[in-house]
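Here is a friendly walk through one protein model, from its nonpolar core to its sheet and helices. Keep the structure open beside the text and follow along.

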Amino acid sequence: MLHLPILGSSLTYSASWSESLPLGRSARRHSWAGPRLRSGLGVSWALAAQWENTLDDRRLPRAGHSMGRRSCCRPRLRVVARLGAALLLLCALLLLRPAFDNKALGSSWFGGVRKSPLQLLHDLDQGGRPSLMAKVHQQRRELLQRACSRHTRRQRLLQPEDLRHVLVDDAHGLLYCYVPKVACTNWKRVLLALRGRGDPGSIPAHEAHAPGLLPSLADFAPAEVNRRLRDYLAFLFVREPFERLASAYRNKLARPHSAAFQRRYGTRIVRRLRPHAQPDALARGHDVRFAEFLAYLLDPRTRRHEPFNEHWERAHALCHPCLVRYDVVGKFETLADDAAFVLDLVGEPGLRFPAPPRRSEKDPTRDQARRLFQDISPFYQRRLFDLYKMDFLLFNYSAPSYLRLQ
C-alpha cells in the first residue's frame, strides 16, 4: 500500500492500482513551473562557427606569399567571422522579437506554448493586487480545505472509479469533475468545443453526454493520473444540495419526457414504497411523489443494492474534494461569473459559456424546492439533511430557511 500526499491531503492508493506513483500533487503549491523560454539562438551560433571553420580551411599558403602576409591576414579573417556571427545574432533577435512580446508564451518560443491555466491562476494569486474573482476562488479553496480538515477523520483508499467523473482536456491542461444538475451539460459542450467540435451552443445535449467523447481520468495509468493531478487546473461546480435534489426529481421522475428514468427508478420506488399500487404505475413508474422519492433515498436497501444514481448522489461522493485538490470551486448560484473566470484562464478568445435556458420568474429553483419540501415532516427533513450534510459543510451552504430541523 502506498500513501501519497496531495496538497495537504493524504492520498492512499492500493498497491494493485498504483505500484509506481512517484509524487502526488503535494508539491505543486511550492514548485510552480514558471514560464521558461528555451533558447532558439543556437542556430545562429552554429552558422557562425561553421563560417569561421570554413574560412580557416581556406587559409592555405599561396605561391609568392610570405609567412608574414599570412600571419597578417589571419586576424582579419577572424574579425570578419565574428562580425558575421554578430549580424546573424542580430537578425535572429529581430525575427524573434514578437515571441518576447507575447506574454502568453510559456516554455517554448517555436512551439508557441502558452502558460497553462494553472500557471495563470498562480500568477493571479501571487500578484500584488489579485482580481475580485481570484480572491473569491482563493477563499473558497481555503474554506474547503479547512472543512475537509475539520470534518474528515477516516482515511480510505482512492480507487480508479473515484475519478470516473473527472474529465480530461490534455490540450488545455484541464480537469473537470462534473456534477449532474449543476450545468454539467453545458460544461461538456464547452470541453467538446475546445476539442474542435464547433460552437458549444450548437452541440446537442445527447451528443454532449455520449460516452467516450471526453476521456475520464480513471482511464489513465497511475503515473499519468498523478502527472495530470499535479500539473492541470482542476475545477468543479456545485449547487445548494436540496435545490439540486429538487431539480433532479423534477427533471428525471416528474416530467413526461423522462420515461427511461421512470421505468428504471420510478417502477422500483412504486413497487417498494406504495402499497396497493395501480398496475399502470407499477409498469411505468410515471407518477412518483416527492415524498416517495425521499423515502427511497433514505431507505438503507437503496445504497445496499447499488450506488446512488449520479443525479442525486452527493457532490462530495462524486468528486472527492478532500482527496483531490480543486483549484476552482464554481457554484451554480454564481454560474455566469465563475464560468467566465475559468474560460479566461483557458485563454480561448471568442469562447463563451452557453446561456442557460430561460426560466419562469414566478417559479425559481429555490421556490420549487421550498414548495416540494413543505409537505415533508420535520423528522424526514432532518434525516435527509444528515444524508447530504457533508455537501452543506464542504461547500459552505447554510441549511435552507424553509426546513424545520429538530
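## Around the core

Let us begin with L297: apart from its neighbours within four places in sequence, L297 is in contact with L245, F308, W312, L384, L387 and Y388. Please bear in mind that this is a predicted model. The largest nonpolar core has 92 residues, and L297 is one of those that touch the most other members.

Next comes an open sheet of four strands, in the order β3-β4-β5-β6 and with mixed pairing. The edges are taken by β3 (166-169) and β6 (328-331), which have a single partner strand each, so one side of each has no neighbour in the sheet. On average, neighbouring strands of this sheet are turned by 25° against each other, direction ignored.

|---|---|---|---|
| β3 and β4 | antiparallel | four | V166 and C177 |
| β5 and β6 | parallel | four | F237 and G330 |

How many residues lie between the strands in the hairpin of β3 and β4? There are four, and G173 in this hairpin takes a positive phi near 70°. Along β3, V166 and V168 point one way, while L167 and D169 point the other way. All of these β3 residues are buried.

Helix α14 (residues 335-346) lies across β4 (174-177), β5 and β6, and runs at about 170° to β5.

Now look at helix α7 (residues 222-231), where the buried residues are P222, V225, N226, R228 and L229. Why are these residues on the same side of α7? They cover an arc of only 165° around the axis, and that places them on one side of the helix. As background, residues three or four places apart in an α-helix point the same way because there are 3.6 residues a turn.

Finally, helix α8 (residues 241-254) packs against helix α9 (residues 259-273) at an angle of about 105°, and their axes are 9 Å apart. The two helices, α8 and α9, are therefore roughly perpendicular to each other. At their meeting place, α8 brings K252, L253 and A254, while α9 brings F261, Q262, Y265, G266 and I269.

Methods
Residues numbered from 1 in each chain as written. Predicted model: local features only at pLDDT ≥ 70, side-chain atom pairs only at ≥ 80, totals over all residues. Heavy atoms only, no water. Buried < 20%, exposed > 50% of the residue type's maximum accessible area, 1.4 Å probe, protein only. Arc of directions from axis to C-beta. Core = buried A, V, L, I, M, F, W, Y, C linked by side-chain atoms within 4.5 Å. Contact = heavy atoms within 4.5 Å. Pairing = 2+ DSSP bridges. Axes fitted to C-alpha atoms, helices over the stretch in contact; angles between N-to-C directions. Parallel < 35°, antiparallel > 145°, perpendicular 65-115°, else oblique.
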